[in-house]
Amino acid sequence: VVCRQPPLELVELMYAYNPVAATERGFGEYTLLHTACLCHCSKNVIEFLVKQDPLNLQARPFPPLFCAIDHETKMEVLEFLVKSYPDALCSCDVASVTPMDIALMEQLPLPIIQLFFSHYPGTELKV
């Protein structure tokens with residue numbers, strides 16, 4: 001259902017019916033948060049899913065931030081994910097690629113690159 005970019009009210013209703021859904025893993029070990037990021041769900045849906053299980057921000061094989069990095073993702077979603085779990089910026093996927101690598105390879109807009117640099121753990125860079 002999250003691949004159809006549902007309104008928050010529908011996601012809340014589904015969660016009320018089946019609260020375990022937010023923590024279950026599906027195909028490829030993706031959580032519902034991974035899928036919602038991949039399918040460009042709204043920020044309020046992403047926030048709701050994180051609120052239900054904040055540990056999903058750290059899910060493996062890679063954090064959901066990886067699923068959100070592309071030209072179609074709204075900046076507010078990327079900001080929320082990065083601010084909620086900045087350590088995701090240091091994570092690597094199964095090919096040893098970081099979120100910054102993806103952003104640069106995909107030639108994403110400069111504000112996304114600046115967001116990643118400004119929140120990279122251990123840096124004092126302010127853009």
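**Close-up views of a predicted helical chain**

F48 counts as buried, with 14% relative accessibility (buried is under 20% relative accessible area, exposed over 50%, partly exposed in between; 1.4 Å probe, protein chains only). The model is predicted: local features need pLDDT of at least 70, side-chain atom pairs count only at pLDDT 80 or more, and totals for chains, interfaces and linings use all residues. Residues are numbered from 1 along each chain as its sequence is written, and side-chain values use heavy atoms, with hydrogens and water left out.

**View 1. Y15 and F48 form an edge-to-face aromatic pair.** Their centres lie 5.6 Å apart, with 85 degrees between the planes. Rings of Phe, Tyr and Trp (its six-membered ring) pair if their centres lie within 6.5 Å; planes under 30 degrees apart are stacked, over 60 edge-to-face and the rest tilted. Y15 sits in helix α1 (residues 8-17) and F48 in helix α3 (residues 43-52), so the pair ties together parts that are 33 residues apart in sequence. Y15 is partly exposed, at 22% relative accessibility.

**View 2. F62 and F66 form a tilted pair, because their planes stand at 55 degrees.** The ring centres are 5.4 Å apart. Both residues are buried. The structure holds three aromatic pairs.

**View 3. Helix α3 has five named buried positions: V45, I46, F48, L49 and V50.** Their cover includes α1, α2 (32-38) and α5 (75-84). Helices here are DSSP runs (H or I, at least four residues), strands likewise (E, at least two), numbered from the N terminus.

**View 4. The whole chain has seven helices and zero strands.** From the N terminus, the elements run α-α-α-α-α-α-α. The radius of gyration is 14 Å, close to the 14 Å that the globule rule gives for 127 residues, so the chain is as compact as a globular protein of that length. That radius is taken over C-alpha atoms; the rule is 2.2 Å times the number of residues to the power 0.38. The C-alpha atoms fill a box of roughly 45 × 25 × 25 Å along the principal axes. Buried residues make up 42% of the 127. Of the contacts (heavy atoms within 4.5 Å) with a separation of 6 or more, 67% come from residues 24 or more positions apart.
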